Amino acid sequence: MAAFEILCACLVILLLLYYYVTYEFDYWTSRRVNGPKPVPFFGNTKNFILGKMCMGDVFKSIYDKYPKERMVGAFIRGEPVLVLRDADDIKQVLIKDFTTFPERHSEVYEKAEPMSLHLFRLDAVRWRPLRTQLSPIFTSGKLKDMFHLLLNCSEHFERYLAEMVPIERIVECRNLTSKFTIDVIGTCAFGIEMNALNEENNEFCKMGRKIFRSDLKTLVRNTLKDIPWFYKRIGHIFDDHDITEFMTNITRDTIEYRKKNNVRRHDFVDTLIELKDHPEKLGINNVNDTFIAAQSFVFFAAGFETSSTTIAFAMYELARNHKVQEKLRDEMKQILSSCSNGTISYDDIKKFTYLEQVFRETLRKYPPVMFLSRKAERDYTFESTQLTIRKGLKVFIPVYAIQHDPSIYPDPEVFDPERFNDDNADLKNSMYYLPFGNGPRNCIGARFAVYQVKIGLIKVLMNYKIDVCEKTEIPLTNEPMSAIMLQPRHGVYVKLTRLT
């Protein structure tokens, strides 16, 4: 009898659990919104949860399946989410009605995940004043002032390449370019010599790679975040405490050194000092070390990963497209020959028109962030379809899918910088090109990233020919455990041959 009662209790629990994860599965059908049929416990993200497909590819499969729909109803586990396909609807969410969609879908977990208190993930109330205070750091004037520091780092990068590639060598591009981007971030933003190019086992490189690793622990952590109330209680188990401690200590030590020695550089760290000393600028009474360190964390992490990966993807495509590579190198030679002592100035970068096209096509094919997300702050009705979504519902804009849509970009898998020449550039709707997002919550460091990537590519191409090799994966496959950032599964390998 006891065994029968236990069996009945288990059955009731399973039925309740089943009801809990499926009770909203009629949300989109009741509103006559087309979308894929959800699977209990998985929704439409089964392939991601099982480690078979990254979220960018999951959204792409949903996007591709409904080519005639403006919007598609989908489910992340049991939660209904809306996937947008139409430029006007995307513009409504990102720009026109931003006040209704000021937040991303990601939660902030102050105790479970201290480094989540950063600009990218903060709620709208804390995000607005912080964005206002940090924005002046990334103006064209500030970038122009620090441009000489960027050039110094690129010269170190050039010397490192000369030592590492005396004649020819197969390299893993992301490992190579991350050393350059870490040194740039350290020098320009933190005023620290990170020495990533000089130290084989550099601590900053280790931390950078760990932040963006794709492994079982990361997959479990990302999966548990779909149950926020549960993750808040047990998420600390999965936090990378060494990263939290490292970023907190390095930020605190840098601030203390500057204060003690009266060092002023008018850069990112000085702004953090100002916010810590004057928390009223953020509308709060106290700004603790963790909050300040979280801002350092996101700037370090974003600059490390997105720029280094973009340079790596560009090198990969140039290795496969020698005509593009030669045309780009010819432009570089021509412009550099007219520069004083062959030294590039801040204003000279604007002259590299074909480099701009290569850069934009790289980001078109390989957007660092695979999708954008927003959360409705109130009930909202879309003008185009009169569909009303409830407060708190999450809206996704599948950037990777849009930028690989053949109806928008013909032959999307072909690397063609001419898509972005002067004749074609104005033909594309800006809502169909979103590597840096758009609207008030776009990428704050976009301008910095542009210059960093272009300078890095100039140093590589002016000294080396890039070729495919036996280790080059063609085509590249996406890391299936990646939740947000686009990452290659098996690395990006090319052969560098020194130019004579």
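Predicted model: local features only at pLDDT ≥ 70, side-chain atom pairs only at ≥ 80, totals over all residues.
Visitor: Let's start with β2. Which residues does strand β2 cover, and is it enclosed or open?
Guide: Strand β2 spans residues 79-84. It is largely enclosed by the rest of the structure, because 5 of its 6 residues are buried.

Visitor: How does β1 run against β2, and how many bridges join them?
Guide: Antiparallel, with 6 bridges. Strand β1 is residues 71-76.

Visitor: Which residue in β2 is the bridge partner of Ile76?
Guide: Glu79 is the partner of Ile76.

Visitor: And what do β1 and β2 form, with how many residues between them?
Guide: A hairpin, with 2 residues between the strands. Arg77 sits in the turn and has a positive phi of about 55°.

Visitor: What about β7? Parallel or antiparallel to β2?
Guide: Parallel. Strand β7, residues 394-397, is joined to β2 by 3 bridges.

Visitor: Which residue in β7 does Leu82 stand opposite?
Guide: Val395.

Visitor: New topic: Thr271. Which helix is it found in?
Guide: Thr271 belongs to helix α12, residues 268-277.

Visitor: Buried or exposed, and why does Thr271 count that way?
Guide: Buried. Its relative accessibility is 16%, and the cut-off for buried is under 20%.

Visitor: Leaving aside neighbours within four places in sequence, what is Thr271 in contact with?
Guide: Gln133, Leu134 and Ile137.

Visitor: Take Ile137. How many residues apart are Thr271 and Ile137 along the chain, and what separates their C-alpha atoms?
Guide: They are 134 residues apart along the chain. The C-alpha atoms of Thr271 and Ile137 are separated by 8.0 Å.

Key
Residues numbered from 1 in each chain as written. Heavy atoms only, no water. Helix = DSSP H or I, 4+ residues; strand = E, 2+ residues; numbered from the N terminus. Buried < 20%, exposed > 50% of the residue type's maximum accessible area, 1.4 Å probe, protein only. Contact = heavy atoms within 4.5 Å. Pairing = 2+ DSSP bridges.
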